[in-house]
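I would ask you to keep the sequence and the structure in view while I describe how the parts are arranged.

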Amino acid sequence: MDRKAFARLRGGKLSPEARIDLHGMTLAQAHPALNGFILRAQAEGRRLVLVITGKGLGPDGDGPIPERRGVLKRQVPHWLHQPPLSAAVLQVAEAHRRHGGEGAFYVYLRRAR
């Protein structure tokens, strides 16, 4: 991605061509949903997609073993950089505030071959 296009992306000037909302999903549900979405979007020729994870804010729980919040927000970038998605993903960036800000990621896809 060239510098000018990346600046437009970070400024929220480019509109995502597709989006997936992973709110409320478990890791076991979100991973296959994300894989299918990204690979399908690339096959359809889309270049910029939005992955909404949510911010994961709130208390960590009041039990004896605290639950970590924002698991999807931390895990999704790792998934995008591992096979099979690493072959489809060119770049990942935090979304502009109008598209979800800290709770979403722009994913710029490679052209399908």
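**Helices and sheet**

Helix 1, residues 3-10, lies across strand 2, strand 3 and strand 4, and runs at about 40° to strand 3. Please bear in mind that this is a predicted model.

Helix 2 lies across strand 1, strand 2, strand 3 and strand 4.

In what order do the four strands of the open sheet come? The order is 1-2-4-3, and the pairing is mixed. Strand 1, residues 18-21, and strand 3 are the edge strands, each pairing on one side only. From one strand to the next, the twist averages 20°.

As a general point, strands of a sheet pair through backbone hydrogen bonds, either parallel or antiparallel. Here, strand 2 and strand 4 run antiparallel and are joined by five bridges. For an example in strand 4, please find Tyr-106, which is the bridge partner of Leu-50.

I come now to helix 3, residues 71-80. Which of the residues of helix 3 are buried? They are Leu-72, Val-76, Pro-77, Trp-79 and Leu-80. In general, an α-helix has 3.6 residues a turn, so residues three or four places apart point the same way.

Finally, the buried residues of helix 3 are covered by elements including helix 2 (27-43), strand 2 (48-52), strand 3 (89-94) and strand 4 (104-109).

Key: Residues numbered from 1 in each chain as written. Predicted model: local features only at pLDDT ≥ 70, side-chain atom pairs only at ≥ 80, totals over all residues. Heavy atoms only, no water. Buried < 20%, exposed > 50% of the residue type's maximum accessible area, 1.4 Å probe, protein only. Helix = DSSP H or I, 4+ residues; strand = E, 2+ residues; numbered from the N terminus. Contact = heavy atoms within 4.5 Å. Pairing = 2+ DSSP bridges. Axes fitted to C-alpha atoms, helices over the stretch in contact; angles between N-to-C directions.
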